[in-house]
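Let's go through this one question by question. Have a look at the structure first.

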Number of protein chains: 4
Amino acid sequence: MNALAEKVSKMLVSKEAHPQMTEIEVKGCVIGGKQLVIIAGPCAIETEELLKETAFKVRGAGAGMLRGGAFKPRTSPYSFQGLGVVGLETLAKIGESMNMPVITEIMDSEDIPIVAEHADILQVGARNMHNFSLLKKLGRIDKPVMLKRGMSATIEEWLLAAEYILAGGNGQVILCERGIRSAERWTRNTLDLSAAALAKELTHLPVIVDPSHGTGVRSLVAPMAKAAIAAGTDGLIIEVHPHPEKALSDGEQSLTPKQFSLLMRELEPVANAMGRRVR
Amino acid sequence: MNALAEKVSKMLVSKEAHPQMTEIEVKGCVIGGKQLVIIAGPCAIETEELLKETAFKVRGAGAGMLRGGAFKPRTSPYSFQGLGVVGLETLAKIGESMNMPVITEIMDSEDIPIVAEHADILQVGARNMHNFSLLKKLGRIDKPVMLKRGMSATIEEWLLAAEYILAGGNGQVILCERGIRSAERWTRNTLDLSAAALAKELTHLPVIVDPSHGTGVRSLVAPMAKAAIAAGTDGLIIEVHPHPEKALSDGEQSLTPKQFSLLMRELEPVANAMGRRVR
Amino acid sequence: MNALAEKVSKMLVSKEAHPQMTEIEVKGCVIGGKQLVIIAGPCAIETEELLKETAFKVRGAGAGMLRGGAFKPRTSPYSFQGLGVVGLETLAKIGESMNMPVITEIMDSEDIPIVAEHADILQVGARNMHNFSLLKKLGRIDKPVMLKRGMSATIEEWLLAAEYILAGGNGQVILCERGIRSAERWTRNTLDLSAAALAKELTHLPVIVDPSHGTGVRSLVAPMAKAAIAAGTDGLIIEVHPHPEKALSDGEQSLTPKQFSLLMRELEPVANAMGRRVR
Amino acid sequence: MNALAEKVSKMLVSKEAHPQMTEIEVKGCVIGGKQLVIIAGPCAIETEELLKETAFKVRGAGAGMLRGGAFKPRTSPYSFQGLGVVGLETLAKIGESMNMPVITEIMDSEDIPIVAEHADILQVGARNMHNFSLLKKLGRIDKPVMLKRGMSATIEEWLLAAEYILAGGNGQVILCERGIRSAERWTRNTLDLSAAALAKELTHLPVIVDPSHGTGVRSLVAPMAKAAIAAGTDGLIIEVHPHPEKALSDGEQSLTPKQFSLLMRELEPVANAMGRRVR
């Protein structure tokens, strides 16, 4: 631990470089503050109606931010690839009408201008954590970036990927743990909360957790969401879909709005026990 | 999930086979009840004085059970292998004088009688989770067994290892998640709390978590201990040593009695938030 | 590499401790010599007739040793557990009548005398590589031991497991690489030939490879068998069953005697290219 | 296996879709033919003199193609990032003067025109295997692409990444196995030759192996190179540097020109045993 703490201490992400914990504010929603940020929404943006319904319901349940994918990184070229720019426009429109900041994934550095125009936070997915060209370009914009940990990335590599963005001049980075690959087959990924806790210990950046991708199993979202908060992280990103069984992607891990609403109530006492608020 | 739930439903470990959650009582200490069980003590039993001091302090801080290894599974034949029978006797003596039930590891089926004579719970370590000969023999005794998950065992293999003990006639099995191997180098293991949560969901057995071996990093024991409780598990097993820097094994991950005492106070609000008690 | 080579250099398994490469002879079959050892036979001993048929055919194809499991480490307590002592007797009988040395797995230290009585080599399976009690007892017998690498064991742990046997006084150890766990789902394990090559580089012990368990896929046995020889190892252990589709275990990875015979012919030029002989 | 073979059979990479094995010719050098392709050169292009010296020597030893990185994907933003366009120009110049086709890595889709102008084959590194935007754009060019397997990618994901390129209209894809992440610490990666063998079995694409990155250990390059050929692959990509101890990246795994020359002679009999030629 001493060796690694020393290694990190020389980086821009470290508390040594920036003793005050970073708080990132987007449209009145603060990430890294006393109040936890709960980001909810569908995996992919499918239709305006569905997104509107989801946004309305998750906002009602207390979510502070809306998520939705327009560019989708799919393993197969024959799977639904997202609505692209139309999806971005829909997301921005719904976010504005609901008064919720929005976050969406950026896959191609060419798309940075258009995504930055429509989204409040740009998300780098696990598959692009090692896309250094993209990271360098995100270091030159003035928008917050949420950096997911790569699926087999070590904590060191994850922090160094964040360092690419900070070294470029963009200090608004949010780290997101979303599970790593293991030999386990009953969960989609192995959610590594110790990585999230270690990132909180060593860096000044906000850290949030994705229990939806992190487990891939609907019934595990609630226990892992509570565990993430108890581990000291700053928020959650959760997939919610009105009809998970019909979702174009990741239906197996999506909560219904009702399940999400129930979860929000269950999170409250745990957050309070940690001296935090859910809303 | 449906396929795996169905698979488990045919096993003796399942809620289908045993709808009531199993509670295991040893000398007044209940595992699997409303009160969480906190097991604490040194990795290895070194001297009677050290064990006594540790026991006195962890009991004072609220620990319900004492741990200590007499037979130690060490990677190198040249490392300290534990005190053996002398260690067992010391553990039993201190446990009795402190009025704390004791748990220790069983490595060799030949030693079952002597370990069962001195310990209240027999622990099967991660390295022996797939030692089916040992599991079969533990299925024939009338003592509780704590079964640690193997370091690369899938959840299915872990539950099937427990099934070996239940199928032999011994229903007093406690599951223990202690981290799995991954490519991560900053932690010793990757603590998989989703496995613990899934074991709680699918089986009637008590599930406890080992954040000491599960992370191998002292500063991560507290956040992971809280996370484990928030994930719904029934207790913790934590390494405590009065002088971690001089410990004969695993000093890097041991808490001092003072750190343990502080942790116990931090666990309380999280436990309460989950409707549980720490003491 | 320098650090690890130095670490190994202090061990009994190292070339520094024993500059001459170890050759182990059993009934005229030499392991670690110019001639590669090819061990073949069924995963489990099922009936005397089947074993006899298999032995007859693999011997005809050039196999030097017969394998067959009597005590089977099965993930589920409800799977076929092997014929036990009856299986051992059958194996010894067929081995003798065919004039082939035999190898079988030892799972329980209690069974060492009976297994040592019937088998020429005792195999420690991957699941017991970290069963240190068993290793210590095998260090005190005068029979060769084949030590499989654990499914998530590092090379260092594997060599240290061998060290347990050597430190006990038994220098007749054969290392066997049989694949490690990974996230890959199209193969049962990931055969790590670099581990085998490194073991050959650093130790004086014979190293053989198990392409059957190492891949779990019949069509991959031949390419991996050839690759293992080209990597410089001393032999192969291959599952052969007259009717793989009816095998009580591991049918998916078993070759038919005909496929085995074809493989033996394909191995010949590769062995010759390496300055070795197959028979 | 049957399920996966069926899955692959519906893909453009499959032998069902393209029964004839694909051969890719660049400047007289055929990949996928009877003659193995041996690609050699430094990890990174450092100076024209060094590259010229290396090219001259590896060509003399029998290498058919020259490698060298101009854009380097480095874990830390503070490590040497490559010479960029200057490096590309140097590579093209030396390749032309030595009459060797050249291969180099493409990291940013923006750079496709300039890289395609200077290189004969564009390499997608392990860190970008899941950069679907890049893959889609490479599907629209008329240059061969060598696709390295991601560090924790399954074989299925690797083939689907290739499918992205083929689906875009570019059939000139070479697969390259370069090792996957595991818990092993004595090697940098775990070279998975069974993945390479399976790719040969299921697809019509040429498959080559990178024993340099695949092991990260100089002494393992030779045994793994031989093993790769015996496993039936179509060639090798090997790091060679005149002064590995001074290399700006990956010195630990680079061969000297002399070691490379020795290796080429050792490969010859293995290649011949497989009915292939090294030169």
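Q: Which residues of helix 7 of chain B are buried?
A: Helices here are DSSP runs of H or I with at least four residues, strands are runs of E with at least two, and both are numbered from the N terminus. Buried means 20 or more other C-beta atoms within 10 Å of a residue's own, exposed means 12 or fewer, partly exposed is in between, and C-beta atoms are placed from the backbone. By that cut-off the buried ones are B:Leu193, B:Ser194, B:Ala195, B:Ala196, B:Ala197, B:Leu198, B:Ala199, B:Lys200 and B:Leu202.

Q: Why is helix 7 of chain B largely enclosed by the rest of the structure?
A: This is a predicted model, where local features need pLDDT of at least 70, side-chain atom pairs count only at pLDDT 80 or more, and totals for chains, interfaces and linings use all residues. Residues count from 1 along each chain as its sequence is written, with chains lettered from A and ligands numbered from 1 in the order written. Helix 7 of chain B is largely enclosed because the buried residues make up 9 of its 10.

Q: How many residues does the contact take from chain B?
A: Two residues touch if their C-beta atoms, placed from the backbone, lie within 7 Å. Chain A puts in 37 residues, and chain B gives 37 residues.

Q: Which helix of chain B gives the most to the side that touches chain A?
A: Helices 6 (155-167), 7 (193-202), 9 (218-230) and 10 (257-273) of chain B each give two or more residues to that side. The top contributor, with 8 residues, is helix 9.
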